[in-house]
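Welcome! Have the picture open while you read.

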Amino acid sequence: MKGAFQLVRVAGIPVRIHWSFGILILWVVYTAISFDLSWQATLMSVAIVLTIFLCVVLHEYGHALTAKRFGVSTKDIILYPIGGIARLDFIPENPRQEILIAIAGPAVNLVIAVVLLSITMLFTPYWVDLGSRQFWGLDYAQPIVIIIAKINLILLAFNMVPAFPMDGGRVLRALLSIRLGRVRATSYAGMIGQAIGLFLFGAGAFELIFGKAVFIGGVQVSDFVLTIIGLFIYFAARREIRAVRLKHLLETGTVTEVVDHDFNIMSANTFVRDFDRELSADNGILLEIDDKIVGILFSELLKEARSKSQPEARLVDYMSDFYQNIDTSLSISAAIHIFNQKGYRICPVYDKQKLSGILSRKRLLAFISGKDAPRAREQ
Ligand SMILES: [Zn+2]
């Protein structure tokens, strides 16, 4: 991830922080100074913000460590000013596993809040008895602990809003997928996520233009940070809907849909000196002997053959056997996997033992990029 540098690495997962996080800290300091706070209070404000983000990191670890139990590793956890993201390699398609991974984050916030509130309740009587608000020399310890506890409850509530791809939205998608299948479930959950995202953005824009705050059930929803989060949700939902659709297409589509019937084939016994055509770098010519493909001629091999200028050399002496036969019934995703694993450029494609055409890396790439590449899922 560009613009993010590593802070620590815990349980094998790097925690990275995005540079824009620095702006948040500067903003907190700027606000504190403009409110004429003392330097102690300013420092305390920064400490509170950092503590909140510590809670966010713990929330993300909730996702990551639960995912690990289901065999899903996490690339990293990235902290942005608007929150954290645990970049899981993939999200399990098993609805139960997806739900458990999704609620593990908010569950961490619930545990933090319950622990902090319990501690406060345990110690409050002693404060009252001592007739002082001091405890172990910490002034106003209680309010800060309660602030952190409340913020954790807000994080819990906010993340459980069913705005896919936020945690609550993932739970919704998983529940819908039991009945509707993953593709349709993602479409519906994603549309709800996009609607909520647009609403948050609209509420922020409304306040900016008309100067009136928007409230829902006593909660102000027009807010600068929520406006940005709204946009983020909208585009993240759109990307996930596309990624799931493409993945479905790749898994259900077969090589039949991408095979290239326009290809060149010639006898492997052709003399190099008789071959007067040029080949582009990503192209190749199938070579056959007795109607059987025996190799592929690539441009660099042709160049090498010509540079040696041996009059009796034939194409068979320079051909490559770096390919494998692909069947038209193979799924597109399996074909991509083979090309990625082996690094093939061109493979002959057969339909019921009969040569049907060729499949090239270039064509597969074009197929993927024509839609939207599947990418790391974000949680
Ligand atoms: Zn989360």
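Helices here are DSSP runs of H or I with at least four residues, strands are E runs of at least two, and both are numbered from the N terminus. This is a predicted model, in which local features need pLDDT of at least 70, side-chain atom pairs count only at pLDDT 80 or more, and totals for chains, interfaces and linings use all residues. Residues are numbered from 1 along each chain as its sequence is written.

**Backbone details in the loops**
- The peptide bond leading from F164 into P165 is cis, and its omega is near 10°.
- A11 is not a glycine, yet its phi is positive, at about 55°.
- You can find A11 in the loop between β1 (4–10) and β2 (13–18).
- A11 is exposed, with 9 other C-beta atoms within 10 Å; a residue is buried if 20 or more other C-beta atoms lie within 10 Å of its own, exposed if 12 or fewer, and partly exposed in between, with C-beta atoms placed from the backbone.
- Q353 also has a positive phi, of about 70°, although it is not a glycine.
- The loop between β13 and β14 holds Q353, which counts as exposed with 8 C-beta neighbours inside 10 Å.

**A three-stranded sheet**
- Three strands, in the order β12-β13-β14, form an open sheet with mixed pairing; two strands pair if DSSP finds at least two bridges between them.
- β12 (326–327) and β14 (354–360) are the edge strands, each with a single partner, so one side of each has no neighbour in the sheet.
- Strand β13 (residues 346–351) runs antiparallel to β14, and six bridges join them.
- Within β14, S360 is the residue that stands opposite I346.

**Two packed helices**
- Helix α6 (residues 182–210) packs against helix α7 (residues 224–252) at an angle of about 160°, with their axes 7 Å apart.
- Axes are lines fitted to C-alpha atoms, for helices over the stretch in contact, and angles run from 0 to 180 degrees between N-to-C directions.
- α6 and α7 are therefore roughly antiparallel to each other (angles over 145 degrees count as roughly antiparallel, under 35 as roughly parallel, 65 to 115 as roughly perpendicular and the rest as oblique).

**Domains**
- The domain assignment, which is automatic or from a database, gives domain 1 (4–252) and domain 2 (256–369).
- Taken over C-alpha atoms, the centres of domain 1 and domain 2 are 51 Å apart.
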